[in-house]
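Hello,

Here is the structure I promised to pass on. Please have a look, then read my notes below.

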Amino acid sequence: MASAQTPDDPSRTPVHRRPQLSRFLVAGAVLGLVVGVVISLTRPDAPGSTAGQQAILLGATGAIFCGLLAAIVYLVVDRSGRR
């Protein structure tokens with residue numbers, strides 16, 4: 001004979017999993033860094049700067065922008081997971 005499940009039964013509580021913000025931010029920053037460095041190394045050098053300076057500047061800029069984009073993606077994923 002099967003026992004009836006009551007609404008207050010703790011074994012039946014729904015679990016809502018949330019994405020981790022830190023994973024989104026790190027992945028976005030690393031991706032932006034790699035893309036910025038690749039772009040700087042495949043283009044000709046600008047006058048007055050070295051390839052290393054360009055790699056650092058474009059890598060840091062890419063990391064910041066892709067990190068911000070990853071934060072926006074996190075918010076969208078988190079919001080859609082609540083529905």
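Predicted model: local features only at pLDDT ≥ 70, side-chain atom pairs only at ≥ 80, totals over all residues.

Residues are numbered from 1 along each chain as its sequence is written, and side-chain values use heavy atoms, with hydrogens and water left out.

Helix 1 has 22 residues. Helices here are DSSP runs (H or I, at least four residues), numbered from the N terminus. From first C-alpha to last, helix 1 reaches 32 Å, close to the 32 Å expected at 1.5 Å a residue. That expected span is 1.5 Å times one less than the number of residues.

Gly28, Gly32, Gly36 and Ser40 are the buried residues of helix 1. Buried means under 20% relative accessible area, exposed over 50%, partly exposed in between (1.4 Å probe, protein chains only). The four buried residues cover an arc of only 90° around the axis, so they sit on the same side of helix 1. The arc is taken from the directions from the helix axis to the C-beta atoms. These buried residues pack against helix 2 (contact: heavy atoms within 4.5 Å). On the other side, Arg23, Val26, Leu31, Leu41 and Thr42 are exposed.

Now the rings. The structure holds one aromatic pair. Rings of Phe, Tyr and Trp (its six-membered ring) pair if their centres lie within 6.5 Å; planes over 60 degrees apart count as edge-to-face, under 30 as stacked and the rest as tilted. Phe24 lies in helix 1 (residues 21-42) and Tyr74 in helix 2 (residues 51-81), 50 residues apart. Phe24 counts as partly exposed because its relative accessibility is 23%. Tyr74, at 10%, counts as buried.

Best wishes

Technical notes. Helix = DSSP H or I, 4+ residues; strand = E, 2+ residues; numbered from the N terminus.
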